[in-house]
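These are my notebook entries from one sitting with a structure. I wrote down each thing as I looked it up.

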Amino acid sequence: MTQKRVISIQDISCIGKCSLTVALPILSAAGIETSILPTAILSTHTGGFTGFTFRDLTEDVEPITDHWKTLDLKVDAIATGYLGSEEQQQLIAGIFTDFRQPQTVILVDPAMADQGRFYPAFDQRFALGMRDLCKLADIICPNITEACFMLEKPYPGDDYTQQQIEEMLKELAALGPAQVVLTGISFEPGRLGAAAYDKELDRFEYYFTERIEGYYHGTGDIYSSALLAGILNDKTLDDAIRIACEFTVAAIRRTRDAATDPKFGVDFEHELATLINLLK
């Protein structure tokens, strides 16, 4: 069987497990060749740390991809996460055009906000640029905050109904992607998970696991990486959201039980065997 190849486009945070330092090991453990396109290098991620350094790699994107065009690459998926600027959004749209083939799955995780607030240096204009990028994707996986900003809706906090979530999923699908996964969904105390919509089948899917209180950095990147791992291992959308939920909550649970400082990220490494078993 030919090994599948992903291009993962996001930043490298040297300390604090997220972005490429999460995506690369998770996709590799799932048997997928993972090529990377770093958008920036940070000394730490931007959540929970102060004084971090940031080196923008926008000027390197085109020279790297120009070289790739000479290699006759066959790409099974392109996945994006944290992007550092509106210029990068436009460059990534060009990469989708240049490297997309009939079999290529494009997944956009519009990583820019959470809990009703933008991450540092992002604003509504950036959200609208991310919305344009989502129009080109096959699968998108925003959290509720990111979905609201892209749709220019008020952030509801925890005050929403299943009907409102399904309306939001359909609005996101109307942007262009065939499949939408909305993360961080809860309809009852103690349960947290994801809601998904398959536009072609006109079908909603839900999966919930134990809700672990607290804020754990990098879990969105873990989830999107595991979701893509499921899709590229020929799992259905409902199986992929289940696998991603179970893997992510297992890593959070292990981190909670070890009382590790959550700003450094969660211990997903010890749960990679769990992911491999879930993918079987």
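This is a predicted model: local features need pLDDT of at least 70, side-chain atom pairs count only at pLDDT 80 or more; totals for chains, interfaces and linings use all residues.

Residues are numbered from 1 along each chain as its sequence is written, and side-chain values use heavy atoms, with hydrogens and water left out.

Helix 2 (residues 58-68) gives the largest share of the negative patch, three residues. E87 lies in helix 3 (residues 86-99). Helices (H or I, at least four residues) and strands (E, at least two) are DSSP runs, numbered from the N terminus. E87 counts as partly exposed because its relative accessibility is 48%. Buried means under 20% relative accessible area, exposed over 50%, and partly exposed in between (1.4 Å probe, protein chains only).

How many salt bridges does the structure hold? I recorded 20. The term means a side-chain nitrogen of Lys or Arg within 4 Å of a carboxyl oxygen of Asp or Glu.

I picked K153 and E171, which form a salt bridge with their closest N and O atoms 3.1 Å apart. K153 lies in the loop between helix 5 and helix 6 (162-174) and E171 in helix 6, so this pair ties together parts 18 residues apart in sequence. K153 is partly exposed at 31%, and E171 is partly exposed at 33%.

Next I looked at R256, which forms a salt bridge with E210, the closest N and O atoms being 3.3 Å apart. R256 is in helix 8 (residues 237-258) and E210 in strand 11 (residues 203-210), so the pair ties together parts that are 46 residues apart in sequence. R256 is partly exposed at 36%, and E210 is partly exposed at 30%. The side chain of R256 also meets that of D257 in a salt bridge (3.0 Å, N to O). D257 is exposed, at 54%. I then found E210, R253, R256 and D257 linked in a network of salt bridges.

Is S13 buried or exposed? S13 is buried, with a relative accessible area of 2%. S13 lies in strand 1 (residues 5-15), and a polar contact of 2.8 Å joins its side chain to that of D11. A polar contact is a pair of N or O atoms within 3.5 Å; within protein, one must be able to donate a hydrogen and the other to accept it, and residues adjacent in sequence count only if both atoms are side-chain atoms.

P142 is in the loop between strand 8 (139-140) and helix 5 (144-151), and it counts as buried at 0% relative accessibility.

A23 is in helix 1 (residues 20-29) and counts as buried at 1%. A23 and A194 are 171 residues apart along the chain, and 19 Å separates their C-alpha atoms.
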